[in-house]
Amino acid sequence: MSFNQFWIILRARYKLVLAALLITVLTVFAISLSLPKTYKATNTLVLNYKGTDPLTGQAPPAQVMDNYMATQVNIVESENAAMKVVAALKMDQQASEKQQFEAETGGKGDIRNWLAKRLLRGLDVTPVRDSSVLNIAYTSTDPVLAATVANAFAAQYQALVVQLTVAPLQQASGFFTQQLKTLQANLEAAQRKLSKYQQNKGIVSVDSRLDVETARLNDLSNQLVTAQGQAMEAGSRQRMAQGSSANESPDVAGNPLIQNLKINLGNAESKFSEISQRLDKNHPQYQAAKAEVDQLRAELNRQIRITSSSVGNNARILQQHEGEIRAALAAQKNKVLTLNRARDDMAVLNKEVENAQLAYQAAAQRYSQVQLQGQSTQSDVAVLNPATVPTSPAGPKILFYTMASVVLGAMLGLGLALLAEMLDRRVRSADDLIQLLHVPVLGEIGWGIAQHQRVGLLPTPFIHRLFSS
């Protein structure tokens with residue numbers, strides 16, 4: 001269908017279009033006038049969200065913050081909030097509400113649920129875009145009731161937000177209470193384990209004792225080096241004193257008694273040599289001189305043996321002293337190693353005590369924060385503008401409804417005109433002949449009849465009969 005055909009149809013059916021338009025506008029206008037006046041009161045809230053996780057204390061991710069306003073809208077529009085409003089306004093105790101409940105439901109169900117659902121039908125919660133402002137509007141035929149219910153929803157929403165915030169904190173407080181008991185038990189067990197280990201090992205301070213024992217170990221090491229040198233020197237003196245060259249030994253040669261004996265022996269030998277040249281061996285002087293020489297030589301040999309024996313004893317004593325120092329050094333090494341192991345074990349035990357103490361302190365600190373927050377009654381929601389009693393009605397919007405009815409009536413009239421044309425198709429132009437009969441049009445003849453008859457007085461069946469004859 002071309003625009004020209006559509007325009008011709010509208011010109012032919014304009015009465016039907018106007019009738020539909022007029023009936024629609026009058027009907028909507030009459031209905032708008034018959035509707036009761038409604039009043040809308042709005043309470044404006046400001047939301048300051050700073051929520052944190054009750055267990056970790058960390059801020060939620062960004063996607064949770066983005067959905068915060070939508071969540072708050074759902075909370076205000078929840079049946080729980082509406083039930084609190086019903087309880088706060090004591091609407092379930094009003095006789096008129098009870099009568100209406102009995103009339104509509106026959107007394108079946110809970111009147112509070114019924115009132116809550118009815119309140120939610122007049123509630124409109126809209127967040128302001130790109131801000132933390134939330135508008136709570138309520139529409140009612142009573143302006144005072146509209147303002148009262150809007151303010152009641154705002155107040156109960158604030159209380160519900162506090163309840164929803166405090167409830168998980170109280171649960172977290174109970175969780176931290178149990179955890180603190182466990183952590184305290186772990187800390188006490190670690191401290192008892194450390195104390196028992198110190199008592200068993202007899203350790204007061206590992207580091208100070210280790211320093212003393214290490215100093216003693218170093219001292220024994222120095223003593224061992226000195227004793228080894230002395231023992232080696234004593235061994236050399238012993239071998240020299242006990243060998244064939246014992247007289248050359250410094251210990252033997254340096255002995256004053258041996259030196260005196262050697263001098264006396266030399267004098268006696270000189271005297272004996274002189275006497276042996278003058279007297280015979282049987283002479284008493286000769287024998288006396290010889291006896292003196294033998295006695296001095298025997299005494300000298302005895303003193304050399306005694307001195308050699310004393311050198312050997314000294315060497316053995318020094319070797320034994322070296323062995324004792326070596327044994328003491330080995331024992332001291334074992335003691336130092338034992339103290340090192342004890343220090344390592346105590347370091348592990350001290351670390352366990354420290355970790356248990358840190359865990360307990362962190363849990364105790366977080367428990368204090370959660371407990372304080374759980375006892376708080378402050379809300380993150382503040383009233384920016386409370387709802388006031390509206391002085392002018394918000395509905396019905398007669399002008400808006402009328403304009404909408406014009407558009408609706410025009411569309412309805414156009415639809416009726418097209419429907420009527422489809423049910424009673426008429427030839428109104430040359431294009432209609434081409435589409436209906438599929439024959440070319442050679443020309444058009446003006447009949448000179450009235451203008452309203454030119455738009456199509458010949459019905460389609462008559463055209464068919466005309467061309468068939």
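The UniProt annotation "transmembrane region", taken from an unreviewed entry, covers residues 398–419; such annotations may be inferred rather than shown by experiment. In the predicted model, where local features need pLDDT of at least 70, side-chain atom pairs count only at pLDDT 80 or more, and totals for chains, interfaces and linings use all residues, the span 398–419 is 100% helix and 0% strand. Residues are numbered from 1 along each chain as its sequence is written, and side-chain values use heavy atoms, without hydrogens and water. The end C-alpha atoms of residues 398–419 lie 30 Å apart. Helices (H or I, at least four residues) and strands (E, at least two) are DSSP runs, numbered from the N terminus.

Helix 13 (residues 398–423) packs with helix 2 (residues 14–34) at an angle of about 150°, and their axes are 7 Å apart. Axes are lines fitted to C-alpha atoms, for helices over the stretch in contact, and angles run from 0 to 180 degrees between N-to-C directions. Helix 2 and helix 13 are therefore roughly antiparallel (an angle over 145 degrees).

E104 is in helix 6 (residues 95–105). At 52% relative accessibility, E104 counts as exposed (buried is under 20% relative accessible area, exposed over 50%, partly exposed in between, with a 1.4 Å probe and protein chains only).

Note on methods
Parallel < 35°, antiparallel > 145°, perpendicular 65-115°, else oblique.
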